[in-house]
Amino acid sequence: MGLLDRVKQSQTVPPVPGTDGAPTATLPGTASPYAAATAIPAAKPSAATAATAPAAPTLSQRAGASGGELTPAFTAAKVQIHAKLIEKFADQIDSSNKMGVREKIFELADEYFRATAMTMTKTDKERLVDSVLDDVLGLGPLEALLADPSITEIMANHPKQIYVEKSGEPTLSAVTFESERQMRQVIDRIVSLVGRRVDESTPICDARLKDGSRVNVVIPPIALKGPCLTIRKFSKDKWGPADIVNRFRTSSPEIMTFLRSCVRARMNVLVSGGTGSGKTTLLNILSTFIPETERLITCEDAAELQLQQPHWIQLESRPPNVEGKGAIPIRELVKSCLRMRPDRIIVGECRGGEALDMLQAMNTGHDGSMSTIHANNPKECLVRLETLVLQAGQDLPSRAIRETIGSAIHLIVQQSRLRGGVRRIVSVAEIVGIKDGEVQYQELFTFKQVGVSAEGKAVGFHTATGLLPMRMEHLRSEGEDVPEQLFKPAQQPAPDKLY
């Protein structure tokens, strides 16, 4: 929605200081900007005091660093300055000239405080200008949360309740939207950037931000308490294998060494795990092992993968238009990319009939392909994969499906989100073939949880099971020298060495 479309919506009467239901926001730079706290209500001046006082209360009268909530006076100033900006400069605002817009907001802020005789500090003025700028060019109150690198997920249950995930644990944030209308404007801005729409006729929408962060939107009448917005943030820093081994301890060096050899030897890998377990992040990291000379094509519902190879084509599915036509499902993307001479096909997530097309691609010369799937363990992963193939509507016999799975998938990497929010690769299983009509696999690596830390986080260690991969000869023939010492079981380390 453009600025001109929001002129009438933005020119609202500012809230009266001291009234109930005043919107809150977060002050950047406070001691705990996203922790929920109880605000200290601002003093409510009488009409006589307001008329005779030489200066109105300063913007510094806030709840302080403990909660970061703002006074109604701050909100009133913000609304008035925003309205003046749209009234005077709606036709002149250039979204690409952020500094120019900021200067105009500074000028209007000076005019507002001269007219109202309200005193302010330099820091307060900076925060006010940034807040208005975020509303005009950014995502409003969400900008502060998106800028915080420690936040991995933003969950707005409704305009007045926003949770954030830090270190795997959700906490209530002091940041809120001023109104449902402001939240709807932010939602419209997000979905319009990727050419999608959300309204009463299509109340559910998947989108993405410019940095690739995944966005899910649900609005009334589906969401009963108001619009619901969930953002899965992507780190601005490109994580590599060293990060998940040394920094996050998601994997052991032995597991990562083995996975590197498997990817380079063009083995088909399926990353399995629950929601929020880190499947996409792991898939991004595994893709770094692919040689730059290969042609890669990714197929996704919402473009999340951030590959680093130069020879990479990115395809994204498309929902139907207003008339219910023009939809391009991910299955059509998989079929289309088979004609584009890919060396490897990477499907962001298998959640339907595209599983059959992916398996057929793996069996017809596109070795080294990868995908993710929702499942709790390798065995359930195989069952779910068979179920997804049945959704393709081809009426295939169960034995044919299992034989296809047994020959197409070489490795299942199980990722889990354990107690306390820690994410670990909990199993690496190799598919070994078909026996008695069932797909057989052997577990090569596992994560043994031995307890819970004082902080309430699961602790344990990675170890090999002692079994050698069936495809050791294949790895060696591809030039990958995998030492057998990688597969020797590890002894349980001392308590201070657990992770």
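Select Thr250 to begin: Thr250 is buried, with a relative accessible area of 7% (buried means under 20% relative accessible area, exposed over 50%, partly exposed in between, with a 1.4 Å probe and protein chains only). You are looking at a predicted model, in which local features need pLDDT of at least 70 and side-chain atom pairs count only at pLDDT 80 or more, while totals for chains, interfaces and linings use all residues. Residues are numbered from 1 along each chain as its sequence is written, and side-chain values use heavy atoms, with hydrogens and water left out.

Thr250 sits in the loop between helix H8 (241-247) and H9; helices (H or I, at least four residues) and strands (E, at least two) are DSSP runs, numbered from the N terminus. Show the side chain of Thr250 and you will find that it reaches the backbone oxygen of Arg423 at 3.2 Å. That is a polar contact: a pair of N or O atoms within 3.5 Å, where within protein one must be able to donate a hydrogen and the other to accept it, and residues adjacent in sequence count only if both atoms are side-chain atoms. Beyond the neighbours within four places in sequence, Thr250 is in contact with Ile244, Gln415, Arg423, Arg424, Ile425 and His462 (contact means heavy atoms within 4.5 Å).

**Next, helix H9**

Select Val263, which lies in helix H9 (residues 253-264). Is Val263 buried or exposed? Val263 is buried, with a relative accessible area of 1%. Neighbours within four places aside, the contacts of Val263 are Leu286, Phe289, Ile290, Arg344 and Met370.

Switch to a cartoon view and pick out the open sheet of nine strands, ordered E9-E8-E10-E11-E7-E12-E13-E14-E15 with mixed pairing (two strands pair if DSSP finds at least two bridges between them). At the edges are strand E9 (312-316) and strand E15 (458-464), each pairing on one side only. Neighbouring strands in this sheet are turned by 25° against each other on average, direction ignored. Axes here are lines fitted to C-alpha atoms, for helices over the stretch in contact, and angles run from 0 to 180 degrees between N-to-C directions.

Zoom in on E12 (residues 411-417) and E13 (residues 423-435), which pair in the antiparallel sense over seven bridges. Here Ser416 stands opposite Arg424 in E13. Now bring in two helices. H10 packs on the sheet and touches strands including E7, E10 and E11, its direction making about 165° with that of E11. Helix H13 (residues 378-390) also packs on the sheet, and its direction makes about 100° with that of E11.

Move along to E15, where seven of its seven residues are buried. E14 and E15 form a hairpin with five residues between them, and Gly456 in the turn has a positive phi of about 85°. This pair runs antiparallel over seven bridges, with Thr446 opposite Thr463 in E15.

**A buried arginine**

Select Arg295, in the loop between helix H10 (279-287) and strand E8 (296-300). A polar atom of the Arg295 side chain does lie 2.7 Å from the backbone oxygen of Met340.

**Last stop: salt bridges**

The structure holds 21 salt bridges. Select Asp357 and Arg331, whose closest N and O atoms are 2.6 Å apart in a salt bridge. Asp357 is in helix H12 and Arg331 in helix H11 (residues 330-337), 26 residues apart, and both residues are buried.

Then select Arg402 and Glu438, another salt bridge, at 3.2 Å between the closest N and O atoms. This one links helix H14, holding Arg402, with strand E14, holding Glu438, 36 residues apart. Glu438 is partly exposed, with a relative accessible area of 40%. Finish with Glu165, Arg417 and Arg423, which salt bridges with shared partners join into one network.

Methods:
A salt bridge is a side-chain nitrogen of Lys or Arg within 4 Å of a carboxyl oxygen of Asp or Glu.
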